[in-house]
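The briefing below goes with the sequence and coordinates shown here. It begins with a term needed for what follows, then moves from the chain as a whole to individual residues.

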Amino acid sequence: MRCARRHQSRQHLARTALSVALTVLLIATTAAAAAVAAAASSSASSSTSVPPTEQGDATDTMQNLSTHILDTTRGKPAPEVPVTLYVRAASQSWTKVSTGITDGDGRFRSFFADGQPGLAAGVYKLHFDVGPYFRGRSVESLYPFIEIVFTVADPTQHYHIPLLLNPFGYSTYRGS
């Protein structure tokens with residue numbers, strides 16, 4: 001009986017260590033990719049000879065919010081997850097702004113329609129409907145949905161709100 005408990009305990013510790021290691025690796029990879037993208041964007045935007053199609057279309061410039069879901073258990077992006085953006089009104093109630101679904105890379109960027117202004121100063125939340133994602137993979141999960149509330153202090157900046165997800169935990173941070 002003691003051997004079985006020790007074996008189970010070792011398996012649990014190994015799974016926990018693996019999950020932590022994957023999370024750290026994903027954060028480091030995301031940070032490195034963001035640094036490369038920022039450097040590329042900086043050099044592209046400083047060059048006047050680059051055509052607009054290579055810098056992104058005009059609607060990209062209005063998008064000051066993006067998200068990315070990484071399934072840390074699988075070590076892969078989480079595609080086809082519905083994401084809804086809400087803004088908090090003065091009455092403290094939430095108003096839906098837009099809804100979308102993460103792409104094959106687990107990303108969603110199109111929170112605002114053409115010509116619609118992006119985020120203004122205020123309090124927002126992203127609602128991730130992760131229940132169907134886990135059920136579709138026959139994975140038991142503690143969370144039917146996850147909500148991340150964040151403050152926009154400077155609407156001229158881009159806000160990237162990633163979600164590091166697993167069936168029994170999640171984490172977030174302000175990305176770039």
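Strands, labelled E, are DSSP runs of at least two residues, and they are numbered from the N terminus. In that sense His160 belongs to strand E8. The model is a predicted one, and its chain holds 4 helices and 9 strands.

**Overall architecture**

- Read from the N terminus, the order of elements is α-α-α-β-β-β-β-β-β-α-β-β-β.
- The chain has 176 residues, of which 30% are buried, and it exposes about 10,600 Å², with carbon and sulfur atoms supplying 58% of that area.
- When contacts between residues at least 6 apart in sequence are considered, 62% of them join residues at least 24 apart.

**The largest nonpolar core**

- The largest nonpolar core has 24 residues, and the members that touch the most others are Leu65, Leu85, Leu119, Leu126 and Phe150.
- At least two residues of this core come from each of strand E1 (65–71), strand E3 (82–88), strand E6 (122–128), helix H4 (131–135), strand E7 (146–152) and strand E8 (159–166).
- With residues up to four places away in sequence not counted, Leu126 touches a set of residues that includes Leu65, Val83, Leu85, Phe111, Ile146, Ile148, Phe150 and Ile161, and Thr67, Thr84 and Glu147 are also among the residues it touches.
- In soluble globular proteins, nonpolar side chains tend to be buried together.

**The E3–E4 hairpin**

- Strand E3 runs antiparallel to strand E4 (residues 94–101), and 7 bridges join the two; among the paired positions, Thr84 has Thr99 in E4 as its bridge partner.
- These two strands form a hairpin with 5 residues between them, and in the turn Gln92 has a positive phi of about 75 degrees.
- Ser91 lies in the loop between E3 and E4, where it counts as exposed because its relative accessible area is 56%, above the 50% cut-off for that class.
- The side chain of Ser91 is joined to that of Ser93 by a polar contact of 2.9 Å.

**His68 and the annotated positions**

- The UniProt annotation "binding site", which comes from an unreviewed entry, covers His68, Arg107 and Tyr173.
- His68 is placed in strand E1, and it counts as buried because its relative accessibility is 5%, which is under the 20% cut-off.
- Apart from neighbours within four places in sequence, His68 is in contact with Pro77, Asp105, Gly106, Arg107, His160, Ile161, Pro162 and Leu163.
- Two polar contacts involve the His68 side chain: one of its polar atoms lies 3.0 Å from the backbone oxygen of Asp105, and the side chain also makes a polar contact of 3.4 Å with the side chain of Arg107.
- His68 and Phe108 are 40 residues apart in sequence, while their C-alpha atoms are 6.5 Å apart in space.
- Tyr173, which the same annotation covers, is found in the segment after strand E9 (169–172), and it counts as partly exposed because its relative accessible area of 25% falls between the 20% and 50% cut-offs.

**Ser66 and His160**

- Ser66 is found in strand E1, and it counts as buried because its relative accessibility is 9%.
- Beyond its neighbours within four places in sequence, Ser66 is in contact with Phe108, Arg109, Phe111, His158, Tyr159, His160 and Ile161.
- His160, in strand E8, also counts as buried, because its relative accessibility is 6%, and its side chain makes a polar contact of 2.6 Å with the side chain of Ser66.
- With neighbours within four places in sequence left aside, His160 is in contact with Ser66, Thr67, His68, Arg107, Tyr173, Arg174, Gly175 and Ser176.
- The contacts of His160 therefore include His68, Arg107 and Tyr173, the three residues that the "binding site" annotation in UniProt covers, an annotation that may be inferred rather than shown by experiment.

Methods:
Residues are numbered from 1 along each chain as its sequence is written. This is a predicted model: local features need pLDDT of at least 70, side-chain atom pairs count only at pLDDT 80 or more; totals for chains, interfaces and linings use all residues. Side-chain values use heavy atoms; hydrogens and water are left out. A nonpolar core is a set of buried Ala, Val, Leu, Ile, Met, Phe, Trp, Tyr and Cys residues joined through side-chain atoms within 4.5 Å. Buried means under 20% relative accessible area, exposed over 50%, partly exposed in between (1.4 Å probe, protein chains only). Contact means heavy atoms within 4.5 Å. A polar contact is a pair of N or O atoms within 3.5 Å; within protein, one must be able to donate a hydrogen and the other to accept it, and residues adjacent in sequence count only if both atoms are side-chain atoms. Two strands pair if DSSP finds at least two bridges between them. Accessible areas come from the Shrake-Rupley method with a 1.4 Å probe; for residues, only the protein chains shown count as cover.
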